[in-house]
Amino acid sequence: MKGDYLHIGSEQFILWKERSDSEVWTSFLKGNKTAFEYIYQKYVDELFSYGMNIRSNRSLIKDSIQDLFIDLWNRRKYLSVTDNIKFYLFRSLRRKIKHLIERDKKLYDEHPLENLSFVEIVFPFEQKLIAQQANDERKMKIKRSLLRLPERQREVINLIFFEQLSYEEVSEILSINIKSVYTLTWKAVTSLKRNILIISFLLFVSLM
Amino acid sequence: MEYKNYKVEDFVLNSRFRRWILNPQKEDHLHWEEYLKKHPEKLVVIEEAKRIVTELPKIDYRLDKEEKSLLWHSISDNISSDISPGRSAKGEVIPMNSDVVLKKASGHRIIRKKKNYLKIGIAAAILLLLSLSIFFNRNLILSAVDDESLRAELISKQNPWGQKSTVFLTDGSEIVLNSGSSISFLKDFEEHQRVVKLEGEAFFKVAKDRDRPFRVIANNVVTQALGTSFNVNSYSDGKTNVALVTGKVVVTRMNSDKKLVKSVYLEPGEQTEYVEAENLFNTKPFSLEEITSWKDGIIYFSDADSKQVFTYLENWYGVKIIQSNQPKEKWNYTGEFNNLDLKNVLTSIGFAMNFDFTKDDKTYLITYQK
């Protein structure tokens, strides 16, 4: 696939990499298309992953991302300045997804997250760990316990732990108050804690 | 220092704690070391918290490079073209994946697709779009056929045992439907995706339409074609056979969530059989007579045993055939019958395999000679 599609790392982008979020954003607001494409390139992976964690439906998420960026460009004159693009995009994407879900309720088929064959899992801190069966099994189980969390709990875990957004930002993204974010996270962690400890314990016993 | 009443959860939720575990700075080590010195009783709690933080997996979903590039193009083509260098003159129009068609049909957003690929890229792009379109659209298409609300608009054609028929579709495609088989498709078949659901066996002559792949869903196997002729046999549960006569098809397995997971590309003269229990495709050459003769009214047996022969005849003629005693030796029957009635066929086979038969209404009784 060749075309005038730019990849992150292309010369055109090196300029943007060195600039702050608000500089990039301001250029985009002024109609600079490379800045816009840079924003897409930089955040599309995180946006997709975030979206899929809300609703595991590839075409729905891709449509939402597409709509989000088309809207951003067309409405750039009315958008406000931001110094945190990621947060801005996450919040808008979430709105888009919810909106499309409503609109497409009939068209789109929802897929339960339990279907693990399509879920790619990355263990950020043990990525290159040599596959040990016991270890793999434990990971598998931990992964499942994460997937079994209620949607909202999974989402806060994802936003706070992996996307490293603050409680304030998450509360704004989810449009709930900070206290609720904290409660949700607490609940999620408690249930994960139970699972992780039980799983580790059982595997420990089975290895003896 | 705080954290006095901290439980495991509190530590996990504390961003400073997480940073110490995941991405420690110098001051973090100092900070927590000092803390532990003062509160050795917290060691167990902190170890537990650490385990949770390190073991929590991130569930990561990825777009591949082509998807990202396609997505960018559909964004880029839909925004006002004030600054869009080098994307004008030789604009090659490549239809987007068939989402567009379906969305259009349902009054959904329409995305104008206009692309500008290098010449070499065009062929590749078409191929890619074709293969991606299976990937992108599987949910939509399959749910369209399955969706309860759309079922009212489904057209079905069902053959009883002993009867064959030919169905002509509005797009010019032709389906020869074997006995005891049924097909269903959406009423405005052509406007939507070209999707046909099959139970049993049918032979497809697909009218060419590059933009709208033709898909046959049988058991959990999806066969996709552009303009070809092929045979799909799904008589037995958990076993689906696709044989390609002309053109090109891709045969894909669908899992219980309607996701397409495994595919095989067939060349003319190749057949593939998907066996559910083994979850694999078995691809091999086939003889044309063996697979497709049925549609021309020809019964064809090759090294068949008695059970295969009688079951086939039962289905073909819509009758019941019972063996009253066992044959002396194992059958190994080869033969061909061109549009004959059952009486003639049974007489002929009986001559070779040493049996007589009597008829009672729709039941035939086979008696082997002693």
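Here are legends for a few close-up views of a predicted model.

**View 1. Helix 5 of chain B, end to end.** This helix covers residues 65–76 of chain B, twelve residues in total.

**View 2. What helix 5 of chain B packs against.** Look for the buried residues in this helix: Lys68(B), Leu70(B), Trp72(B), His73(B), Ser74(B), Ile75(B) and Ser76(B). And what do the buried residues of helix 5 of chain B pack against? Their partners sit in chain A: helix 3 (33–54) and helix 4 (58–74).

**View 3. Two helices of chain B crossing.** Helix 2 (residues 15–22) and helix 4 (residues 43–55) of chain B pack at an angle of about 70°, and their axes are 10 Å apart. On the helix 2 side you'll find Phe17(B), Arg18(B), Ile21(B) and Leu22(B), which meet Ala49(B), Lys50(B), Val53(B) and Thr54(B) of helix 4 of chain B. Sort the residues of this contact by class and you get five nonpolar, one polar and two charged.

**View 4. How confident is the predictor about chain B?** The mean pLDDT of chain B is 75, with 73% of its residues at 70 or more. Confidence is lowest in helix 6 (residues 99–105) of chain B, with a mean of 39, and highest in strand 19 (residues 363–368) of chain B, at 92. Over residues 82–117 of chain B the pLDDT is below 50. Residues 132–152 of chain B also stay under 50. For the model, the scores are ipTM 0.71 and pTM 0.42.

Terms used
Residues are numbered from 1 along each chain as its sequence is written. Chains are lettered from A and ligands numbered from 1 in the order in which they are written. This is a predicted model: local features need pLDDT of at least 70, side-chain atom pairs count only at pLDDT 80 or more; totals for chains, interfaces and linings use all residues. Helices (H or I, at least four residues) and strands (E, at least two) are DSSP runs, numbered from the N terminus. The expected span of a helix is 1.5 Å times one less than its number of residues. A residue is buried if 20 or more other C-beta atoms lie within 10 Å of its own, exposed if 12 or fewer, and partly exposed in between; C-beta atoms are placed from the backbone. Two residues are in contact if their C-beta atoms, placed from the backbone, lie within 7 Å. pLDDT is the predictor's confidence in each residue, from 0 to 100. Axes are lines fitted to C-alpha atoms, for helices over the stretch in contact, and angles run from 0 to 180 degrees between N-to-C directions. Ala, Val, Leu, Ile, Met, Phe, Trp, Tyr, Cys and Pro count as nonpolar, Asp, Glu, Lys and Arg as charged, and the others, Gly among them, as polar.
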